[in-house]
Amino acid sequence: MASLEKIGACLFKTSMIMSTENIRIAIQKSGRLSEDSLKLFKECGIKFEAHGSKLRSVSSNFPIEFLFLRDDDIPGYVEDGVADLGVIGLNVLMEQKRKVDIVKELGFSKCRLSLAIPRNEVYTDLTYFNGKSIATSYPNLTDAFLKANGVKAETHEISGSVEIAPSIGLAEGICDIVSTGGTLLSNGLKEVAEVFQSQAVLISNKQLNKTKKELLDKIIFRIDAVQKGQNAKYVVLNAKEENIAQIIALLPGMRSPSVVPLAEKGWFSLHSVISENDFWEIIESLRLAGAEGILVLPIEKMIL
Ligand code: ATP
Ligand code: ZN
């Protein structure tokens with residue numbers, strides 16, 4: 001921890017010399033948050049270099065500086081103001097109980113913290129864990145969940161390879177991050193209760209100055225546009241004049257769909273935007289209503 005503080009103080013001093021106008025964001029150097037974090041800021045039109053050995057990078061077209069760090073260090077740096085913003089898993093943030101603001105859910109690195117026990121054990125409900133020992137890297141979240149459910153179990157904090165704890169006799173159950181459940185299965189465990197749902201979030205220091213608040217607003221605006229684009233599809237289709245009213249009723253659109261006459265008399269092209277979630281259901285209804293030559297295109301950004 002002492003060395004972390006030294007690095008933090010050192011980074012902080014460097015920033016004072018470099019510039020007071022850049023906003024500073026900490027993202028994971030390498031791991032399950034990294035790729036999507038980099039992709040998000042690139043899609044926001046922010047240009048910067050990020051390769052293996054780099055620990056910091058200043059954008060060439062936006063007043064932002066990236067720090068590439070271990071994810072566990074990010075909430076602390078943001079709380080202390082060494083970084084202004086950070087991208088972190090909600091699981092790590094809530095476990096550390098740092099005083100930062102959660103600015104936005106980012107929708108990637110989705111996973112859950114779950115309780116698991118050996119596969120051959122008979123599980124009824126949470127009372128199973130009464131008097132049992134649970135190994136976890138998330139003692140605070142685990143204890144809070146057990147307490148809220150009136151279960152008296154003993155949690156043992158271990159920092160890695162939690163899933164082998166039951167097989168080596170270290171604990172009777174575990175509380176760990178699960179996404180597909182494959183790791184649990186290969187370690188002879190089964191998931192029995194969900195403790196916490198997580199995804200990546202954008203966090204901010206609580207005392208940003210006016211300039212940095214304005215920069216954060218610009219970043220949020222861009223992230224919103226990227227996220228709206230990701231959830232929407234642009235649909236182009238052809239239809240006969242007599243089917244247009246019925247097809248328009250099916251298309252929610254941003255306002256109302258554009259209707260463009262085709263060269264062939266009595267035929268029109270309709271353009272609209274639909275939500276990714278409604279995608280298949282709407283496409284099917286459109287076909288039934290007489291839509292032909294349906295094109296579904298990705299939307300890069302959407303500003304409403
Ligand atoms: P670091 O070396 O930076 O400390 P780490 O090993 O602690 O990395 P990762 O395994 O890269 O962490 O996970 C980072 C975050 O990604 C987790 O805290 C969690 O929010 C999320 N995550 C973990 N496992 C998965 C998964 N299987 N699928 C999706 N997201 C996950
Ligand atoms: Zn970590």
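## Terms and ground rules

Let's start with a definition: buried means under 20% relative accessible area, exposed means over 50%, and partly exposed lies in between (1.4 Å probe, protein chains only). By that scale Glu 300 is exposed, because its relative accessible area is 61%.

You are looking at a predicted model, in which local features need pLDDT of at least 70 and side-chain atom pairs count only at pLDDT 80 or more, while totals for chains, interfaces and linings use all residues. Residues are numbered from 1 along each chain as its sequence is written, chains are lettered from A and ligands numbered from 1 in the order in which they are written, and side-chain values use heavy atoms, with hydrogens and water left out.

## Confidence

The predictor's confidence in each residue is given as pLDDT, from 0 to 100. Its mean for the protein is 91, and 92% of the residues reach 70 or more.

A contact here means heavy atoms within 4.5 Å. Where pLDDT is low, the predicted coordinates should not be read in detail.

## Overall build

The protein has nine helices and 15 strands. Helices (H or I, at least four residues) and strands (E, at least two) are DSSP runs, numbered from the N terminus. Along the principal axes, the C-alpha atoms fill a box of roughly 75 × 60 × 35 Å. The radius of gyration is 25 Å, whereas a compact globule of 304 residues would have one near 19 Å; the radius is taken over C-alpha atoms, and the globule rule is 2.2 Å times the number of residues to the power 0.38.

Of the 304 residues, 44% are buried. The accessible surface comes to about 16,700 Å², and carbon and sulfur atoms account for 52% of it; such areas come from the Shrake-Rupley method with a 1.4 Å probe, and for residues only the protein chains shown count as cover. Among contacts between residues at least 6 apart in sequence, 68% join residues at least 24 apart.

## Salt bridges

Side chains of opposite charge can pair when their charged atoms come close. A salt bridge is counted when a side-chain nitrogen of Lys or Arg is within 4 Å of a carboxyl oxygen of Asp or Glu, and the structure holds 11 of them. In helix α7 (residues 210–230), Glu 214 and Lys 210 sit four residues apart, about one turn of the helix, and their side chains meet at 3.2 Å, N to O. Lys 210 is exposed at 63% relative accessibility, while Glu 214 is partly exposed at 41%.

Helix α9 (residues 279–288) holds both Arg 287 and Glu 284, three residues apart, about one turn of the helix. Their salt bridge spans 3.9 Å, N to O, with Arg 287 exposed at 52% and Glu 284 partly exposed at 39%. Glu 300, the residue we began with, pairs with Lys 301 at 2.9 Å, N to O, and Lys 301 is partly exposed at 37%. Elsewhere, salt bridges that share partners join Arg 24, Arg 56 and Glu 65 into one network.

## A nonpolar patch and a buried neighbor

Ile 164, Ile 168 and Leu 170 make a nonpolar surface patch of about 270 Å². Patches are made of residues with over 30% relative accessible area and no salt bridge, joining like charges within 9 Å and nonpolar side chains (Val, Leu, Ile, Met, Phe, Trp, Tyr) within 5 Å. Leu 170 sits in the loop between β8 (154–157) and β9 (173–178) and is partly exposed, at 43%.

Leu 170 is also one of the residues touched by Ser 133, along with Glu 154 and His 156 among others. Ser 133 belongs to strand β7 (residues 133–136) and is buried, at 13% relative accessible area.

Val 78 lies in helix α3 (residues 74–80) and is buried at 0% relative accessibility. Its contacts beyond four places in sequence include Leu 85, Val 100 and Ile 203.

Leu 184, in helix α6 (residues 182–186), is buried at 7%. Leu 184 touches Ala 116, Ile 174, Val 178, Leu 189 and Glu 191, leaving aside residues up to four places away in sequence.
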